[in-house]
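Open the model in your viewer and keep the selection panel at hand. Each stop below gives something to select and says what is there.

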Amino acid sequence: MNDQLLSHGYPPNDFINVSTTDSPMYRTVMYPPLPVCLAVENHVSAVDVGARQRNSFLVVDKAVVLDRIRLWQQCLPHISPCHTIRCNSDMQLLQLLAGLSVDFECMSLTEISQVLYLGVDPNRLIFTGPCKDPDEVHHARIAGVRKAVFDNEDELRKLARSHRDAEFYLQLSVHDPACRVRPTKTFGASIEHAKYLFARSRKLRLNIHGLYLPVDGAASNPIAYHRAVACARIAYDHALQHGHSITSIYIGGGFTLWNFEQNAFRLCEAITQNFGSLQSTIRWTAEPGPLWVGDAYFLASRVLGTRDDGENLDLFVNDGVHRNFFHAVVDPPVSKPILLHPRGFGKNGAPPQDARAWTVWGSDGRLVRSNRHGLLVSSSAAGE
């Protein structure tokens, strides 16, 4: 858990959501503005004392999401945000974004159904994924979802059979060489293959309306966005040569708070340099990724047991890499755990501090977090 909010209040009229993670749809409890640790205490206290709160749950700070949205509007005023459902599918978050006219990227019929359930216009959805189920494409067409992504001829033919009137987006291969998380397979067509697909789609009497250039997650190098926009311009020109009119370009995501303003500036600069006056004829879209939600969610897990040799503290929690700590395997963890007592947190909600070496282990025996100092420690025992 992140300790930044322990000593800070929240703006009036904002709420902290407490969402349990033990069901497909998060069961959410609304709380008035309180520090996160007190929201945890209130939620645990609200549970039947006999049963106690034994499952992990999430504390969600809506104010963080709204602040990041305002930051996006300041830095990228002419680029529409598109939230990827697989990044965070919390229904309360989706409802908040739906009311703010945010677009949504969906990779399955289940994700499409989640968004449409909230009354979102199907035109705000884009159906991505390297290989789609033909039945799902058919149902997406019935639901009114028209934007669909492809990166090879077989997928193009599949989409044409099931959804010929779709707005086709060609995915191009773009990646960040400095990305922390490397995908096992890079999807997307090369520029040479894109030229072939533009020609092939014209022979099939299909119109390509947009380009889709996702930058790998957690992009750390602004050059990645320059490369993506430059690639988009080359593909744009080839599309025109084959009779296609590109009216929409999707570039993203990988935005994180620590380098967002720099990357946003470089992205806008690259668009101006490569497209000039043409940029106003194109609808630009990008994915915020973890920028909006990465710091807004706080995971509360129950301590199953401890092991303390006086210098090192081992904590075992009722979660692990097969649940909410999956990213501890593929991505360096950046969160900071806070050990909290469920029956009280002391003055201002903060427990006494006792910095020492510590390690957090999942219930499956897999390491989920380790550091040499900085853990906030209160008296702890199994079940707390």
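**Salt bridges**

This predicted model has twelve salt bridges under the rule used here. Start with Arg86 and Glu105, whose closest N and O atoms are 2.9 Å apart. Arg86 sits in the loop between β4 (80-84) and α3 (91-98), and Glu105 in strand β5 (residues 103-106), so the bridge ties together parts 19 residues apart in sequence. Glu105 counts as buried, at 1% relative accessibility.

Next, select Arg266 and Glu269. Their closest N and O atoms are 3.1 Å apart. Both lie in helix α9 (residues 260-275), three residues apart, and are separated by about one helical turn. Arg266 is partly exposed at 31%, and Glu269 is partly exposed at 24%.

Then pick Asp314 and Arg307, which form a salt bridge at 2.9 Å, N to O. Asp314 is buried at 13% relative accessibility, while Arg307 is partly exposed at 48%.

**Helix α6**

Select residues 153-162. Seven of these ten residues are buried, so helix α6 is largely enclosed by the rest of the structure. Now show what covers them: α5 (134-143), β7 (147-150), β8 (167-171) and α7 (191-203) are included. Glu155 and Lys158 are among the buried residues, and they join Lys132 in a network of salt bridges. Asn152 caps α6, with a side-chain oxygen 3.1 Å from the backbone nitrogen of Asp154.

**Second largest pocket**

Which residues lie nearest the centre of the second largest pocket? Select Ile69, Trp72, Gln73, Pro81 and Leu100. The pocket's volume is about 180 Å³. Its lining has ten nonpolar, two polar and one charged residues. Helix α2 (residues 62-75) gives the largest share, five residues.

Notes:
Residues are numbered from 1 along each chain as its sequence is written. This is a predicted model: local features need pLDDT of at least 70, side-chain atom pairs count only at pLDDT 80 or more; totals for chains, interfaces and linings use all residues. Side-chain values use heavy atoms; hydrogens and water are left out. Buried means under 20% relative accessible area, exposed over 50%, partly exposed in between (1.4 Å probe, protein chains only). Helices (H or I, at least four residues) and strands (E, at least two) are DSSP runs, numbered from the N terminus. Contact means heavy atoms within 4.5 Å. A polar contact is a pair of N or O atoms within 3.5 Å; within protein, one must be able to donate a hydrogen and the other to accept it, and residues adjacent in sequence count only if both atoms are side-chain atoms. On a 1 Å grid over the protein atoms alone, a cavity is a set of points where a 1.4 Å probe fits but cannot get out, and a pocket is an open set with protein on both sides within 12 Å along at least five of seven lines; lining residues have an atom within 4 Å of a point. Grid points are joined across faces, edges and corners, and a volume is the space filled by probe spheres set on the points. Ala, Val, Leu, Ile, Met, Phe, Trp, Tyr, Cys and Pro count as nonpolar, Asp, Glu, Lys and Arg as charged, and the others, Gly among them, as polar. A salt bridge is a side-chain nitrogen of Lys or Arg within 4 Å of a carboxyl oxygen of Asp or Glu.
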